Amino acid sequence: MRVRETSRPPARRTLVTDFIKIYKGVISVPKFSREFISEVMDKNDIVDIISTYVKLKKTGGSLKGLCPFHNEKTPSFSVSPDKQLFYCFGCGVGGNVLDFVIKRENLDFVEAVTSLAERARMEIPQDNYGSEYSKSAQDAAYEKKQLYYKINSDAGRYFYDVLMSSAGTNAQQYLISRKLDNSTINKFGIGFAKDEWNALLAHLRNKGYKDIDIEAAGLIVKRDNGEYYDRFRGRIMFPIIDVRGNVIGFGGRAMGDGQPKYLNSPETVVFNKSRNLFALNLAKNSKNSQMLIMEGYMDVVAVHQNGIINAVASLGTALTSDQAKMLGRYSKEVVICYDSDNAGQAATERAIEVLREANVKTKILQIEGAKDPDELINIRGVEFFNNLVENAKSALEYKIHRLSAQYKLENVDQKIEFTQRIAEIFAKVENAVEREAYLSKISNDVGISVEAISAEIRRLRFKDERAAEARAETVAARVAESNTGERITQKNKAVVAAEKLLLNLMCEKAIFNLAANKITIKDFSVLLHRQIALYVYDTYKSGKKPDVHEVVSHFEGNPGVIEILLDDKNVEDKEKAAIESINIVLEDTFRRKKEKLLAEGNETELLKLINQKKKGGAE
Ligand SMILES: [Zn+2]
């Protein structure tokens, strides 16, 4: 359930409003007190926030779902409503509600606090300079980002003004030849960069910006002699705007035959090509369950002008997994509308894989008789294009269609190879119903029995599953290692698990009293566990009870700590579970001591140890 802006009537609004919305940009840095931040966290329940991204199901004391930070098929992402924490047992990411928003939305700390505060309708403090956060590095980073947004925004405004002036006559003619009207130009904030070496630079200097900041925003380039020149010259300029309305970069299209055809802003602090999409700021409001992904900015602009406002483009790179996940978040289904040439079709196959891995339902629109959506609409009209969208092929149909064109099926050898390739494609389809449905159709088309193809699919899937299991195990071990700083082997897995459970249970006073009598800090075999134990013991000693959020912040949000504290233990009899864990840990302590003494050949101490265990080891 995403909160979307209410749709507006399609009536023509004053265009200036659109335009000003794009080129806003006011620098003001909010400063937050600790109290303000806890209020923000109190008013934004972690379950509410995460539920807008992840489908959560209740299991025991916590909620589980598919992790939004890595690809998985069985849920290992866990959220505790009681403790207001999340943790992924697959990839080891965890934290509180702010951490989640920071990671998921790619925000910095101040942005995340602001966005959650706005959500809770809290007033944002603007000049609370006395707070402990006021001089943090986070704030400096935030200020820089705001400055670059402002520079980009002013540059966009300038490019637009140039386009509308006499200096932009040729560019205007070009846009008219591409059938773009003024309202579209305005809506997208399209502009023109003069074919001069420092037109923009002079303009921005005049506005008081420093060269070094203009360079950091990606708009100028430094020569060897230290002088700067404009990056974009003689190009139609498309501002790239993030979903929050900030101008983060530009795509500059050459007019005519200039090379390269498209020149984009470089990666900057505010422009991450793999995590943004052109026109998503507009398309996200389309209320359409589909999203169309295209290759060129011009395609997107052209279809928007024709009322198809759910189209976006990637930013001069192949579709990335972050972009695929974003698409999945804003739509139920993605339709790939890439160019009809070979490069476009190769990109389509890659995009299908990226979207499949991100669990996004995908269809493919095949353009025939034109090179791209822009040209197609110009030749055949928008109705024709809409019809193609409606009849877009499933990824499976598309792949089989492409594949069958490569083989001569009347040749037996080719037919066998084709069967194998088909099986490889089918083996990757998770949905059994979809698999079966196409299988019988294909079997008919190529004259190979369903059983023959099925057998090959089963063989491949079994192989894949075993490989996936092995991978998952290695990943889990690596995550555990990086969180605790220690090697987790098969042998000590049970001990490590017992220590974790015990530390979790010990946050309750009764269990702590029970455990503290039997077990010392030294008995914990993992360093991180000893550190947590020490903290817990000390807290009780000082007459307090450990508070989960204090423990987490004491360990600076170490995911290993979050994993332990997260309420995911599903234990019915806590006392019984604690005693079992204590025994496992003590048994391991005994084993370690014994091995050490054996290695040293210290028989006296060894006998002492064994006798000690006999005396105390009744349980
Ligand atoms: Zn994960």
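1. The centres of domain 3 and domain 4 lie 28 Å apart, taken over C-alpha atoms. Domain 3 covers 280-391 and domain 4 covers 406-466. The division also gives domain 1 (34-133), domain 2 (140-271) and domain 5 (493-616). These bounds come from an automatic or database domain assignment.

2. The model is predicted: local features need pLDDT of at least 70, side-chain atom pairs count only at pLDDT 80 or more, and totals for chains, interfaces and linings use all residues. Residues are numbered from 1 along each chain as its sequence is written.

3. Mean pLDDT (the predictor's confidence in each residue, from 0 to 100) is 84 for the protein, and 90% of its residues reach 70 or more. Residues 24-29 stay under 50, and the model has 12 contacts for them beyond four places in sequence. Two residues are in contact if their C-beta atoms, placed from the backbone, lie within 7 Å. Residues 128-135 are also below 50 in pLDDT, with 13 contacts in the model beyond near neighbours in sequence.

4. Helix α22 (residues 509-516) packs with helix α26 (residues 574-600) at about 30 degrees, the axes being 10 Å apart. Helices here are DSSP runs (H or I, at least four residues), numbered from the N terminus. Axes are lines fitted to C-alpha atoms, for helices over the stretch in contact, and angles run from 0 to 180 degrees between N-to-C directions. The angle therefore makes α22 roughly parallel to α26; angles under 35 degrees count as roughly parallel, over 145 as roughly antiparallel, 65 to 115 as roughly perpendicular and the rest as oblique. The crossing of α22 and α26 is right-handed (the near helix is turned clockwise from the far one by less than a right angle). I511, L514 and A515 of α22 make the contact with K574, E575, A578 and I582 of α26. By class, this contact has 5 nonpolar, no polar and 2 charged residues. Ala, Val, Leu, Ile, Met, Phe, Trp, Tyr, Cys and Pro count as nonpolar, Asp, Glu, Lys and Arg as charged, and the others, Gly among them, as polar.

5. Helix α12 (residues 297-305) and helix α15 (residues 373-380) have axes that come within 7 Å and cross at roughly 40 degrees. That angle makes α12 oblique to α15. M298, D299, A302 and V303 of α12 touch P373, D374 and I377 of α15. The contact holds 5 nonpolar, no polar and 2 charged residues.

6. For helix α17 (residues 395-404) and helix α18 (residues 412-427), the axes come within 11 Å and cross at roughly 160 degrees. The two are therefore roughly antiparallel, and the crossing is right-handed. L396, K399, I400 and L403 in α17 meet F418, R421, I422 and I425 in α18.
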